[in-house]
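Here is a briefing on a multi-chain model.

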Amino acid sequence: MALQPFLALGVILFGIGLYGALTKRNLIIVLISIEMMLNASNINLIAFSHFAVTPNANGQVFALFNIAIAAAEVAVGLAILLAFFRLRNSADVRDVNTMKW
Amino acid sequence: MQNVLLMIVLIPVIAALLILPLKARAHAITRSIGMLGSLLSALFALAAYIAFQRSDAAYQFVLSVPWATINNAFAGTPLTITFAFAVDGISLPLVMLTGIVSVMAALRSFRVTERVKAHYVWQMLLVSGLYGVFAAADLFTFFFFLEVTLVASFFLILIFGQERREYAAFKFLIYRGIASVFLLLGFVGLAYALANSATTVSASQYMAYGPNFMSLNLLQLLDESVKAPLALGAQTWLFFVFLFAVLIEEAFVPFHTWLIDTHEQSDTSTNMLIGGVLMKVGLYIMLRFVVSILPLALAAYSEWLAILGVISILYGAFAAIAARDWRRLIAFSGISHMGLVLLAIGSMHALGLQGAVFMLVSSGLLTALLFYTVGAQAERTGTYEIGKLGGLSKSLPVLSGVLLVAALGTVGLPGLSGFISEITLFISSFERFPVVSTLGTLGMILAALYLLFAMQRTTFGPAQGAAQEGQGIARDASVTEAIPLLVLVAFVIAIGVFPNILGVVVHPTVQALAGRIGG
Amino acid sequence: MANEAWLIPAIPLLVYVILLVAGRRISEPVVAGISVSAVLLAFLLAIAVLADVAVNGPTAPTTYAWLDFGAHSLTVGYEVTMLNALMLVVVTLVSALVLLFSRSYMKGDERFSRFYQYLNLFVFSMLGLVISPNLLQFYIFWELVGVCSYLLVGFWYYKPEAAAAAKKAFIVTRIGDVGLFIGIILLYIATGTFDFNGLYTAGGAAFSQVATLAYHGASVPFGMSSSGFITLTALLVFIGAVGKSAQFPLHVWLPDAMEGPTPVSALIHAATMVAAGVYLVARMQPLFAASPVASETVAVIGGITALLAASIGLTQRDIKRVIAYSTVSQLGYMMMALGVGAYTAGIFHLMTHAFFKALLFLTAGSVIHALDTQDLFSMGGLRKKMPITHIAFLAGALALAGVPPFAGFWSKDEILSAAFQSGHYVLYAMGLLAAFFTAFYIFRVYFLVFWGEAKGEKHAHEGGSAMVIPLLVLGALATLSGFLNTPFDPFVTRFLTYGHPLGIGIDPPASLPLILVSVIIALLGIWLAYSVYGRANRGAELAKRMGVLYTLSYNKFYIDEIYHYLIVTPIFTIARAIAFIDRFIIDGIVRMLGELGYTGGVTLKYANTGQVQTYGVLTLFGLVALVAIALGIGGVL
């Protein structure tokens, strides 16, 4: 196996995630897209550590950390989302504009 | 005695720290601590003056407190940042000036009734900063304390000023902030330029500093600049960076408008400290860094300095004639007098440098005195506007008399401190720039014009306007008020009649300094 | 005795300090008593000093370090020369009498002790000026004299005219002072010294040898020629004298200075302030003698001043103003004398003038005190009511008019004959015309005040003995002091030229025809005054006949107005223009920059839409751009 296919997968996943995060109007989809980008980076971490000059498990360890952080992030994100939905009765990302000028 | 400078700088800070935990209503004890702190520092300054070796041109009371070390700062050598203090014949008079004015300002601040604590805390920090600037023997120390003065005066203006205080405070902050940036640029440039030139170090210095040392210590930098003078190109760049900083810092035309607003908006004790002491820092930078380290550039552009000086002299004088507010008048008069100092520095002669130091001290005392008197009058009549005052001689004879002394001193009357400064600096400037100096002497006539016009409107004539209304409640200077007036007047007269009390301290240093610029 | 000369100025200074500290607690008689006796003591000392130098010759300067400055140390000290020994006597004598006179003139004034305090400071400054051994110290006291006159002229500060006059006096003389200031600085740069004695190269004992400056450097400063430099400095010094001694064109302050109390006028005009300018030119005589251009200028300015002021004096209505213009005119004579090289005549006239002018002012003060008015046309018939004042004024008037044997005759005549004999015929004619005017205007005053009908209700009477004694003493001096330097026995000339001082010549001998001419001119003036004002006041007729000339003279040739439009207005216009530029252009630019920052911020804030996705897209583009740049330049910056 070579490194490139994994990296290609990572890039594709990251690209899809980025596209989704920047264009989708639904906040839940945006959150999911962000998760996708995180997973893309996990793939890269594992791939690089596996194909390093001296292969090791560091990447997998960090990937596990990432998954844990992602879970926490989703929890916080969903909580904010819920609160926001209760407040505005909307899950549209365009309505999240209280921080403008 | 070695720690005297550290004491001078630290005591006001300690006073500020002691004031901080006090109750907001504990006015009396706040004032006492502020007063004591100022007085103690001033006494230490006096001790330094007494212990100072008169005939020695070198730095004295050298003290260095290491603070932090940056490894690998410059070409592999570490850079130790220190708080270093020392005074010589140029800075000692200014330390003394700070002492005198700060005590008088602390007494004046007795009149503050609201937010007393904040006033004293910031005032103490300002005083400490001013002492630190003049006693610094290290670029970092200098810059550090300069920033302290910046912040402290900013808050003094912002909290205790008049209607447009916010505008004035931010103008002050922005202008002087820009000046600080240029100064920092100049300092860094100086440190790098002199570090790079350290190829001619002696064996002992090699042992001490290594092959590529970088130092922020002024003594070492001065040493280095003699051993390996900077090339004209490097000097020129640094000269202009410093010059720009000084022009803003010292409010030379056309960078002066911040000073006018500051003085018009600040309260009296802040005005005394800013006008009397802080406004001498810019020219002190000129004497300290430019004259001693960048002599070639100074020689090349000294005509520019003279011309800039004369522009400020005349512009300030004419603007003062048109001023309708006493504080505005004093501010412009200060600008005009600082122009004289620039002219003197441009003349590159020991006598001129001595005149410059004398003028800094004299103008500091007189500015503080003017602000004090005018503030005391305004407190009674409710206005600073010259046109609304009149006939104060009758209701306020002491204040009017002191105002007259201050005005005459500013005009340059012999027997008061202004004259000896003017004559010495004009002797040296006439030798080099006869035409420009002749224009400068016009400032002497104009000074008589604006001050006497304002005097006549304020103190002579029948009582009118605000003065008349205030007559019922107007009381002449009380004892606590009279002390600062009399002390300041006493110093003004002492320097005027016995200039040697200052001269013996200043002379050896300026002589040595003039040696660097071939004067 | 001459070595204790420092005591002479020290005594009034001491009194000044005493009055400064304790003045309010001392009663009027004590204040006056201390002051008068102190200055009298100084006068006695001055006599002793004069006697000493008359026998032993001048003393060397005694100096003390004032400001250490290596080779250029500045010193202060004192010295007694023939000239200043004489000045000390004149100044202390006149001052003592004026102080005594003030006792009753200022009686009951709220600030009586303050008045004496200032007077003592004034006397101190003048005496300090006289015994200064160097130009720097001279200049210090010179300025102090100016300040004292500022304080004294503005003594009645609540009168707006007095305040304005004090200010005007200070500022106008200040213009001259700056000239002097530049002059002494240039002299210092050239010679490296301020000492009067060290300025010139040792000229030896050769009488009246032309001096040259003792250049301490290799050459004359600024690449000037030596004679050019001497002329320049002499003229600058002369500008100072022009300001202080109220010479044309800076004479405008002196008549206005009449707003001060009359004893002050007497002191300023007779012995102290205005004499300082003449004294300066006399003291710097070697410098002026070395420059023909400068001496000619001095003579011409003196001549113009003498004539101009005399012609203004013809028509003034205020008694003090007439006498003030006569002072300006007489000072012009002194300058003329010094300019044509008649050194002793100039000094001698300074001395006699001090006596008779103090006399005239004090009598005028006595009259004003009695009548409470200064307007000549509301006075009259005082001959019988105030006999002593009348006699004293007559003596002063005769002395001023130059009628023999009164003091003014001898000294003025010496000046006129020196002008004639040195070939300055135009100046001589001007001086003669001025003498004619002088005789006319002073007797116009005399006839208006003392003859004719009494006017006004106030009952005029003589003042107390404190007023009368000075009048008698000065009257005697005005009558007799001329005999100190007659052509038959020129005592003052011998005294002043003791030891053949450098650069000072001997005045030409008097000639009988010239004396006759000036006596006739003076008598003509008096006769004209008598015929116009003696029996009835026919002044209005004369004024009508003179037409434009009268208007010009009455309005002082509009010089004040001309200055107002040519100097004062432009200065204030410039000041206003600069204030405008300052407020709206310079500070305007500053505020514009501030506004620019604010507006920029306000505008750009709309880029913050709050849309996270917009930010994200922009960030992405930014990243891409950065990467592209990094790739383009082949490396990460």
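Chain C gives 10 residues and chain A gives 11 residues to their contact, where contact means C-beta atoms, placed from the backbone, within 7 Å. This is a predicted model, in which local features need pLDDT of at least 70, side-chain atom pairs count only at pLDDT 80 or more, and totals for chains, interfaces and linings use all residues. Residues are numbered from 1 along each chain as its sequence is written, while chains are lettered from A and ligands numbered from 1 in the order in which they are written.

**Chain contacts**

- On the side of chain C that touches chain A, 3 residues are nonpolar, 6 polar and 1 charged. Nonpolar covers Ala, Val, Leu, Ile, Met, Phe, Trp, Tyr, Cys and Pro; charged covers Asp, Glu, Lys and Arg; the others, Gly among them, are polar.
- Two pairs of chains touch, and chains B and C have the most contacts.
- Chains A and B do not touch; 23 Å separates their nearest C-alpha atoms.
- The contact between chains B and C takes 40 residues from chain B and 42 residues from chain C.
- Elements giving two or more residues to the chain B side include α13 (295-322), α15 (350-381) and α22 (500-516). Helices (H or I, at least four residues) and strands (E, at least two) are DSSP runs, numbered from the N terminus.
- α19(B) gives the most to that side, with 10 residues.
- By class, the chain B side has 25 nonpolar, 13 polar and 2 charged residues.

**Nonpolar cores**

- The largest nonpolar core has 440 residues. Such a core is a set of buried Ala, Val, Leu, Ile, Met, Phe, Trp, Tyr and Cys residues joined through C-beta atoms within 7 Å.
- Buried means 20 or more other C-beta atoms within 10 Å of the residue's own; exposed means 12 or fewer; partly exposed lies in between, with C-beta atoms placed from the backbone.
- Val95(B), Ala356(B), Leu369(B), Val281(C), Ala358(C) and Leu359(C) touch the most other members.
- Helix α6 (residues 160-191) of chain C supplies the largest share of this core, 20 residues.
- Apart from this core lies another, of 6 residues, including Ile43(A) and Ala63(A).
- Beyond neighbours within four places in sequence, Leu369(B) contacts Val402(B), Ala406(B), Leu488(B), Val489(B) and Val492(B).

**Helices of chain B**

- Helix α8 (residues 218-227) of chain B has Leu218(B), Gln220(B), Leu221(B), Glu224(B) and Ser225(B) buried.
- Down the axis of α8(B), these residues fall within an arc of 160 degrees, so they line one face of the helix. The arc is that of the directions from the helix axis to the C-beta atoms.
- Helix α2 (residues 27-51) of chain B has 25 residues; at 1.5 Å a residue it should span 36 Å, and its end C-alpha atoms are 36 Å apart, which agrees. The expected span is 1.5 Å times one less than the number of residues.
- Buried residues of α2(B) include Gly34(B), Gly37(B), Phe44(B) and Ala48(B).
- Glu166(B) lies in helix α6 (residues 165-196) of chain B. Glu166(B) counts as exposed because it has 12 C-beta neighbours inside 10 Å.

**Chain C in outline**

- Chain C has 25 helices and 2 strands.
- Of its 637 residues, 55% count as buried.
- The C-alpha atoms of chain C fill a box of roughly 110 × 65 × 55 Å along the principal axes.
- Domain 1 of chain C is 355-546 and domain 2 is 607-637, with bounds from an automatic or database domain assignment. Their centres, taken over C-alpha atoms, are 100 Å apart.
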